[in-house]
Amino acid sequence: MKKKRLLIYGMGTIAEIAGYYFQTDSRYEIAAFVDQAKVVEKSSKFMGKPLISLEVAMEQYGPSDVEFFVAIGYQKTNSVRQKRYQQIKEYGYNCANYISSRAIVFSDKIGENCLILENNVLQPFTEIGHNVTMWSGNHLGHHSVVEDNVFISSHVVISGRCTIRKNSFIGVNSCLHDGVDVGEKSVIGAGSVVSKSCEKRSVFMSPKSKLRIIDKDII
């Protein structure tokens, strides 16, 4: 089957990772990487593909020719990625999803411009908004909702009937109890346990790990 052509916006680590997954495990063929003109001036290639400005991309490829994927991280509670995604949509382009063939997905309610990597489990009756990143190995419990522009790091456990509001960030190895509602633009640090709902712009940090030297004969 002929692959669809794809433009990936970005040339950082997220773009490199997304490019690898799209190339090896998707129905898309990467036509080029796209970034701001001042960035493109310094290079003409990225991951062996052409690197072009957004202006050039729109001249060469119409909305019926390609789809976009905005590969940007969680800077400023995901607002940088959100702004670029909205810009691409305003220009009339559709945005692609990457959903790993090694993810277990029991939901058909997934938006666009989502990056869902291997070993994620999306249980029945879950919902994912637009422009969501789910790194490797997360559990999204039944009836839970992840709204737009959220970034979920690796090995996060989100229990049943939780809601993650827009533009939030959830760090590695965090755990959310059943029914927790995380307010918009909240930041949950690595290893945090969230047992109660919280207002927007809430910040959770797990206790700092302490270094302790143990006699080598004990271990």
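Predicted model: local features only at pLDDT ≥ 70, side-chain atom pairs only at ≥ 80, totals over all residues.

Let me begin with Lys 109 and Glu 127, whose side chains meet in a salt bridge at 3.9 Å, N to O, where a salt bridge is a side-chain nitrogen of Lys or Arg within 4 Å of a carboxyl oxygen of Asp or Glu. This pair links distant parts of the chain, since Lys 109 sits in the loop between β7 (104-105) and β8 (115-116) and Glu 127 in strand β10 (residues 127-128), 18 residues apart; strands here are DSSP runs of E with at least two residues, numbered from the N terminus.

Residues are numbered from 1 along each chain as its sequence is written, and side-chain values use heavy atoms, with hydrogens and water left out.

How many salt bridges does a search of the whole structure find? The search finds 5. In another of these, Glu 147 and Arg 165 have their closest N and O atoms 2.8 Å apart, and salt bridges that share partners join Glu 147, Arg 165 and Asp 181 into one network.

Lys 4 also forms a salt bridge with Glu 67, the closest N and O atoms being 3.5 Å apart. Because Lys 4 lies in strand β1 (residues 4-9) and Glu 67 in strand β5 (residues 67-70), the pair ties together parts that are 63 residues apart in sequence. Lys 4 is partly exposed at 37% relative accessibility, whereas Glu 67 is buried at 14%; buried means under 20% relative accessible area, exposed over 50%, and partly exposed in between, with a 1.4 Å probe and protein chains only.

Turning to the sheet, 7 strands form an open, parallel arrangement in the order β6-β8-β11-β14-β17-β20-β22, two strands being paired if DSSP finds at least two bridges between them. The edge strands, β6 (98-99) and β22 (203-204), each pair on one side only. Within this sheet, 2 bridges join β14 (residues 151-152) to β17 (residues 169-170), and Ile 152 stands opposite Ile 170 in β17.

Conventions:
Helix = DSSP H or I, 4+ residues; strand = E, 2+ residues; numbered from the N terminus.
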